[in-house]
Amino acid sequence: ATDGIKSMTLMFQKEVAQRVCAVHGNEKWTRLSVNSQNVFETKIGFYVTGKSFIPPAKVDAAVVRFIPRESPMVKGVTCSTLEIVCQNVFMTRRKMLRHVMKQFGDVGVQALKESGVNE
């Protein structure tokens, strides 16, 4: 899935970088976090103030390092399928999560069980 990439170092707006690197349980954890971290280990290297740019930016930035995982965290699911699942899961209230995951058949139900998410 990473096609020979050894690492990537990219700059994002600070808020986007925090979402990319957020872990489960963090309020900034989103489908962007899940999809990024499925195939990469992500880490914020440092922050850059908006004043560092010419002309000055209105927002701060962060540099994020992406290092490919040997294998995806979610096994047996394509990246595009994971994106669809995440899109549905993150749009849904927690109490409806079981219903959403049932739409993906046995794989969805099993993934929910293995996730440790309190349904």
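## Gln 37 and the fold around it

Gln 37 is buried, with a relative accessible area of 13%. Buried means under 20% relative accessible area, exposed over 50%, and partly exposed in between (1.4 Å probe, protein chains only). The model is predicted: local features need pLDDT of at least 70, side-chain atom pairs count only at pLDDT 80 or more, and totals for chains, interfaces and linings use all residues. Residues are numbered from 1 along each chain as its sequence is written, and side-chain values use heavy atoms, with hydrogens and water left out.

Gln 37 sits in helix α2 (residues 31-39). Leaving aside residues up to four places away in sequence, Gln 37 touches Val 20, Cys 21, Ala 22, Thr 42, Arg 69 and Met 73. Contact here means heavy atoms within 4.5 Å.

### Overall layout

The protein has 5 helices and 3 strands. Helices (H or I, at least four residues) and strands (E, at least two) are DSSP runs, numbered from the N terminus. From the N terminus on, the order is β-α-α-β-β-α-α-α. Of the 119 residues, 27% count as buried. Among contacts between residues at least 6 apart in sequence, 58% join residues at least 24 apart.

### The sheet and its helices

The 3 strands form an open sheet in the order β1-β3-β2, with antiparallel pairing. The edge strands are β1 (8-13) and β2 (40-48), and each pairs on one side only. Twist averages 30° from one strand to the next. Two strands pair if DSSP finds at least two bridges between them. Strand β1 is joined to β3 (residues 61-68) by 6 bridges. Met 11 stands opposite Val 63 in β3.

Helix α1 (residues 14-21) packs on the sheet and touches β1, β2 and β3. The direction of α1 makes about 155° with that of β2. Helix α2 lies across β2 and β3, running at about 115° to β2. Axes are lines fitted to C-alpha atoms, for helices over the stretch in contact, and angles run from 0 to 180 degrees between N-to-C directions.

| α1 | Ala 17, Gln 18, Val 20, Cys 21 | within 160° |

The arc is that of the directions from the helix axis to the C-beta atoms. The buried residues of α1 fall within their arc, so they line one face of the helix. Their cover includes β1, α2, β2 and β3.

Helix α3 (residues 79-91) has 13 residues, which at 1.5 Å a residue should span 18 Å. The expected span is 1.5 Å times one less than the number of residues. The end C-alpha atoms of α3 are 18 Å apart, which agrees.

### The salt bridge

How many salt bridges does the count come to? The count comes to 1. A salt bridge is a side-chain nitrogen of Lys or Arg within 4 Å of a carboxyl oxygen of Asp or Glu. The side chains of Glu 83 and Arg 31 meet at 3.0 Å, N to O. Glu 83 lies in α3 and Arg 31 in α2, so the pair ties together parts that are 52 residues apart in sequence. Glu 83 is partly exposed, with a relative accessible area of 25%. Arg 31 is also partly exposed, at 33% relative accessibility.
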